[in-house]
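The following note sets out points on the model shown below, for a colleague who will work with its coordinates. Please read each point alongside the structure.

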Amino acid sequence: MKGAELVLQVLQQHGVDTIFGYPGGAIMPIYDALYQSNVKHYLCRHEQGGAFSAIGYARASGKVGVCMATSGPGATNLITSLADAMLDSVPVVAITGQVSQAVMGSDAFQEIDVLGLSLAVTKHSFMVRSVDELAATLHEAFAIAKSGRPGPVLVDIPKDVQLAEIAYHREPATAAKAAAIYTSLANAGKARALIAAAKKPMAYIGGGVHMAGAMTQLQQFLAANPMPSVTTLKGMGSVAKDNAHYLGMLGMHGTQAANLAVQQCDLLICLGARFDDRVTGNLQKFAPHARVIHVDIDPAEINKVRFADAALLGDMKQILPAISAGTDCAEWLSHCAQLKQQHGWRYDHPGERIYAPLMLKQLSERMPDNSVVCCDVGQHQMWVAQHMRFSSPRNHLSSGGLGTMGFGLPAAIGAKLARPQDTVITVSGDGSFMMNVQELATIKRFRLPVKIVIVDNQRLGMVKQWQQLFFNERYSETDLSDNPDFVALAAAFAIPGHCITRKDEVESALEAMFTWPGPYLLHVCIDDKDNVWPLVPPGAANEEMITEAKA
Amino acid sequence: MNHVLNITTTNTPAVVERLLQVTRYRGYELAGLQLTPRSDANSLNITLTVSGDKPIHLLTSQLHKLYDVQQLELVSAELAVLSA
Ligand SMILES: Cc1ncc(C[n+]2csc(CCOP(=O)(O)OP(=O)(O)O)c2C)c(N)n1
Ligand SMILES: [Mg+2]
């Protein structure tokens, strides 16, 4: 068989039945092999969209997402999405065609040094020099993508390698196995002592817990060691909905209760999170009274930005039970419960216009169980994190580390293909939506019943908010009031839609959207003046939140 | 402060770029680089000297994660004292 066919054989060996991509000269042999393959290829309309779909697929399912592109412009179009997968630790394998080795290094047509480009945005990358290495390299790529702290892996395959003949004997996929996770419980005793002694313990939960498959162990840990908990953007949905001590998201747009409690705690138990600057605010002033227990699979995260009094490396599933010590902090728990009550969200927004937080709360209550919500980036993204509840981080896909506008729509395509039984909703902004709007064509072609909610403030709202607060209300290039008519735009892709402007239209519009069997676009017009609160201003400590009343 | 790292890597085309990219991105300056293929030609012995004000573990922990790095040893005397 040819190298190109071998690629598809190996993909199938890894259980891959869905891939996203876009053809071109240097990857034509693989597309030719696809023509008669059982692997289902979904044609995106921009490689960035295809790779985001692979990310959405991976994040919604826990499997490795696969995308493909041709050399040169096809490969460069993948870069942003690979960076997104890198910063959010998403297992993705990207396969790119490369010009033939005979002309490599001669500035051939559509030749770009993709391996060189990949260094900053992948966990690892390969250039395949011979068809004899092809299968082993692909096995390695899968092993690396999903092992340890997951991440994107790129495999660049020159056209001559795709065309070369090879006698293929199916080798076991385990031939290339990544280093087994090494779990060190050496500091477990120290961690237990810290937990047992803490008067004000706090669990700070990131995306690493669910990625480790440790959701059950987390609930058990929180039950055996009652303590308040907060999550990062990526960790949302990790704490069971019935856990009364959960305080919400922390950080720049976190809840007041979460931020205040973290600032007051005397022990911070960081589980699969990394003290990102959007979480800590002013690092020197972050959780100033807290000793720290840090559990992670990536040794490089330990002591990277915050010193850990006890660090535990490895498999979260083993570590959580090993550090359980029992807590005795009734007073602290009731103090935190009081903070939560005192600073609860208010939805009694005056006037007729739609208040996005309330609309999203209604959406959250109305959406079927286990729906997946894919966000874009900006104010609407923060409102989703604040006002919607999720039963698993796999149900809330939001571009965290890279904060990439254009993520939502293509990620929803991937999520829908990964979980066809579940409802998939994109919540996008009028700015972000336009960044990968071409993927409406993908939705049209495959009749994917994705529900699209556009929160339209006619602005690059998040940037506008900063201009208002920190740049003297000089609104440089953030006005989008001449955006196209989104309902008409959807109609051009045979997607029905509806536009609402008043609060009293919300319930029936959501009902209509969910009742409609196919894809649907709901255009929600809101006031361009609405902002996201609370907000920790740059350089401030997390307790110095600006709230709506103070603004 | 200079730090000397003795590194064994697989002999793959981009490996030196990877080491240098991580070194630069994490905020250390290159102060020296020596490279010799081992007798089997499948791996390389690399001596990487870097300077920087940040603690060196912030660099070594990231270099360790490179898939091509087989062994990494910090040999600078300064650090031996620090980590003791
Ligand atoms: C690709 C990209 N470019 C620029 C930005 C900077 N940015 C962050 S939020 C934002 C505004 C987003 O506007 P919109 O999608 O309408 O969301 P809103 O804040 O109005 O809810 C911008 C421009 C970004 N995050 N990603
Ligand atoms: Mg907007």
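1. A:Arg447 is located in the loop that joins helix H18 (440-446) to strand E16 (451-456) of chain A; helices (H or I, at least four residues) and strands (E, at least two) are DSSP runs, numbered from the N terminus. The phi angle of A:Arg447 is near 50°, a positive value in a residue other than glycine. Most residues other than glycine have a negative phi, and most peptide bonds are trans.

2. Conventions. This is a predicted model, in which local features need pLDDT of at least 70 and side-chain atom pairs count only at pLDDT 80 or more, while totals for chains, interfaces and linings use all residues. Residues are numbered from 1 along each chain as its sequence is written, chains are lettered from A and ligands numbered from 1 in the order in which they are written, and side-chain values use heavy atoms, with hydrogens and water left out.

3. A:Pro534 belongs to the segment after strand E18 (520-525) of chain A.

4. Strand E16 and strand E18 both belong to an open sheet of six strands in chain A, ordered E14-E13-E15-E16-E18-E17, with parallel pairing. Its edges are strand E14 (396-397) and strand E17 (497-500), each of which pairs on one side only. Two strands are taken to pair if DSSP finds at least two bridges between them. Within the sheet, strand E13 (residues 372-375) and strand E15 (residues 424-429) of chain A are joined in the parallel sense over four bridges. In this pairing A:Cys374 stands opposite A:Thr426 of E15(A). Strands of a sheet pair through backbone hydrogen bonds, either parallel or antiparallel.

5. Chain A is divided into domain 1 (3-175), domain 2 (188-342) and domain 3 (356-525), with bounds that come from an automatic or database domain assignment. The C-alpha centres of domain 2 and domain 3 of chain A lie 30 Å apart.

6. How much area is buried between domain 2 and domain 3 of chain A? The value is about 1400 Å², of which carbon and sulfur atoms give 65%; buried area is the accessible area (1.4 Å probe) that two parts lose on being put together, summed over both. Across this interface of domain 2 and domain 3 the rule finds zero salt bridges, a salt bridge being a side-chain nitrogen of Lys or Arg within 4 Å of a carboxyl oxygen of Asp or Glu. One residue pair is in polar contact there, both residues at pLDDT 80 or more. A polar contact is a pair of N or O atoms within 3.5 Å; within protein, one must be able to donate a hydrogen and the other to accept it, and residues adjacent in sequence count only if both atoms are side-chain atoms.

7. Between the chains, 11 residues of chain B are in contact with 15 residues of chain A. The two chains bury about 1100 Å² between them, 58% of it on carbon and sulfur atoms. The count between chain B and chain A is one salt bridge: B:Lys65 with A:Asp298, whose closest N and O atoms are 2.6 Å apart. On the side of chain B that touches chain A, the elements giving two or more residues are helix H1 (15-25) and helix H2 (57-64) of chain B. H2(B) supplies the largest share of that side, four residues.

Technical notes: Contact = heavy atoms within 4.5 Å.
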